[in-house]
Amino acid sequence: MAAQIGTALALRSTDRFADVGCGTGLFTREIARLLLPQHPLLCVDPFAAMLKQVEDSGRLLPVQASAEDLAAQRIKLRYALLDAVLVKEAPAQGSSRP
Ligand SMILES: C[S@@+](CC[C@H](N)C(=O)[O-])C[C@H]1O[C@@H](n2cnc3c(N)ncnc32)[C@H](O)[C@@H]1O
């Protein structure tokens, strides 16, 4: 599935990428393994317990924030602009639906 995500988003190794609602980073880690990114992939999740499981291999950068924090620009990311954003199975705040 990570390969399919990479193809669907036409990811390139030079992309500045964020996985919003990354959870444990399961998919981001695999995307990084396939992509060999030149810039760390941002693993964004509001829950510290999830981010603790994001392995710091130098290719992934954990960021504690919600999608709403990003949308409202309450959080300053390492990159001013992103080339690609993945939101996979992450619910909106106050929503019971993914
Ligand atoms: C079902 S998991 C999906 C994890 C990963 N995207 C995947 O597909 O394996 C949902 C994730 O969304 C995160 N999440 C919940 N509310 C969120 C929000 N408002 N903004 C961003 N992420 C959120 C949860 O902490 C959890 O890690």
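The shell around the ligand is made up of eight nonpolar, four polar and four charged residues. Here Ala, Val, Leu, Ile, Met, Phe, Trp, Tyr, Cys and Pro count as nonpolar, Asp, Glu, Lys and Arg as charged, and the others, Gly among them, as polar. The model is predicted: local features need pLDDT of at least 70, side-chain atom pairs count only at pLDDT 80 or more, and totals for chains, interfaces and linings use all residues. Residues are numbered from 1 along each chain as its sequence is written, and side-chain values use heavy atoms, with hydrogens and water left out.

Among the 16 residues around the ligand, those that come nearest are G21, D45, A67, E68 and K88; a residue is near a molecule if one of its heavy atoms lies within 4 Å of it.

| Residue | Protein atom | Ligand atom | Distance |
|---|---|---|---|
| G23 | polar backbone atom | oxygen | 3.4 Å |
| K88 | side-chain N or O | oxygen | 2.7 Å |
| P91 | backbone N or O | nitrogen | 3.5 Å |

The ligand taken alone exposes 590 Å², and the protein buries 80% of that (Shrake-Rupley method, 1.4 Å probe).

The protein has four helices and four strands, in the order α-β-α-β-α-β-α-β along the sequence. The C-alpha atoms fill a box of roughly 35 × 25 × 25 Å along the principal axes.

Key:
Polar contact = N/O pair within 3.5 Å; in protein donor to acceptor, adjacent residues only side chain to side chain. Helix = DSSP H or I, 4+ residues; strand = E, 2+ residues; numbered from the N terminus.
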